[in-house]
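Please look through the sequence and the structure shown here before reading the briefing that follows.

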Amino acid sequence: MENQLAISVRGLRKAYGDNVAVGGLDLEVARGEVFALLGPNGAGKTTTVEILEGFRQRDAGEVSVLGVDPARPSQAWRNRVGIVLQGTGEFDDLTVAEVVHHFAGFYAAPEDPDKVIARVGLTEKARARTHSLSGGQKRRLDVALGIVGQPELLFLDEPTTGFDPEARREFWDLIRDLAAAGTTIVLTTHYLDEAEALADRVGVITGGRLVEVSTPDRLGDRHEALATVSWRTPEGAVERWESATPTALVAELAARYGGEVPGLTVTRPTLEDVYLRMIGQR
């Protein structure tokens, strides 16, 4: 079983003085899985991920990432892990191509830097100095630096911040391609639609503890929630009913109205609805 896991965490704890950031967290991420870690600011999400990345020391617990304790990372282990932070840095005097080629030199078996630049949609900016890039373009450069080493495991911290809707969808395709090629991906994001579109499983962390881990469609028993059916009456009023059998209710309404039901909608709780309830904001 351990060989099938990219990440295994048992009893992870980290405190800053009297403030317990992570309190006894357990987590498993399978190899080849896209796992989204969700949580509000201050929930312990960033601390957890930084421990997994080897950037922060833990106080207690057992942690294995690609079979290695990240508290004692080797260069060989670093070559297997890609990290996209919220901001990689500034390289104002260098071009996009120069930065990506430079970072490729840190890895034993990097991907062709020019192909990486194309994958993140920066080919037309390859000769541009990085200070001239827009915020979204700089974010794409961050992603390029995270994947140029062809990592087995990729950490993505809010990767599409600053992207317009079209660029976000293009980035999602890139993530799907990486996952299809076998890359394990740990994603933190505040975009719930992004987590739903990309993740095989999601985990919700709040108060330093992992509240639940499940697939996006089953988180918080979402799949068992009642559906809300609404329609407009002949008088123009809006009727709403909660039903465990919405198909039967719609069929009944269709028979009543002799065909199309005016203003008909059928909705179930979204991932955002469930998430907000779990972190106590709804």
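## A hairpin and its surroundings

In this predicted model, strands S10 and S11 form a hairpin with 5 residues between them, and Gly236 in the turn has a positive phi of about 95°. The helices (H or I, at least four residues) and strands (E, at least two) named here are DSSP runs, numbered from the N terminus, and the chain has 9 helices and 12 strands. Residues are numbered from 1 along each chain as its sequence is written, and side-chain values use heavy atoms, with hydrogens and water left out. Because the model is predicted, local features need pLDDT of at least 70 and side-chain atom pairs count only at pLDDT 80 or more, while totals for chains, interfaces and linings use all residues.

- Strand S10 (residues 227-232) and strand S11 (residues 238-243) run antiparallel and are joined by 6 bridges; two strands count as paired if DSSP finds at least two bridges between them.
- Arg232 has Val238 in S11 as its bridge partner.
- Helix H8 (residues 246-257) has 12 residues, which at 1.5 Å a residue should span 16 Å, and this agrees with its end C-alpha atoms, which are 16 Å apart; the expected span is 1.5 Å times one less than the number of residues.
- Within H8, Pro246, Leu249 and Leu253 are buried, where buried means under 20% relative accessible area, exposed means over 50%, and partly exposed lies in between (1.4 Å probe, protein chains only).
- An α-helix has 3.6 residues a turn, so residues three or four places apart point the same way.
- The buried residues of H8 pack against S10, S11 and strand S12 (265-267), where contact means heavy atoms within 4.5 Å.
- On the face of H8 turned away from its buried side are the exposed residues Thr247 and Ala255, and H8 is followed by Gly258, whose phi is positive, near 70°.

- Strand S8 (residues 201-206) pairs with S9 in the antiparallel sense over 5 bridges, and Thr206 stands opposite Arg209 in S9.
- In helix H3 (residues 96-104), the buried residues are Val96, Ala97, Val99, Val100, Phe103 and Ala104.
- Seen down the axis of H3, these residues fall within an arc of 165°, so they line one face of the helix.
- The buried residues of H3 pack against helix H4 (113-119) and H5.

**The sheet of 3 strands**

- Another open sheet has 3 strands in the order S2-S1-S4, and its pairing is antiparallel.
- Strand S2 (19-30) and strand S4 (60-65) are the edge strands, each pairing on one side only.
- S1 and S4 pair in the antiparallel sense over 5 bridges, and the bridge partner of Ile7 in S4 is Val65.
- Helix H1 (residues 45-53) packs on the sheet, where it touches S1, S2 and S4, and its direction makes about 125° with that of S1.
- Lys14 has its place in strand S1 (residues 5-16), and Lys14 is buried, with a relative accessible area of 12%.
- Leaving aside neighbours within four places in sequence, Lys14 is in contact with several residues, including Asn19, Thr47, Ile51 and Asp59.

**The chain as a whole**

- Of the 282 residues of the chain, 45% count as buried.
- The C-alpha atoms of the chain fill a box of roughly 70 × 45 × 35 Å, taken along the principal axes.
- Among contacts between residues at least 6 apart in sequence, 65% join residues at least 24 apart.

Notes
Arc of directions from axis to C-beta. Axes fitted to C-alpha atoms, helices over the stretch in contact; angles between N-to-C directions.
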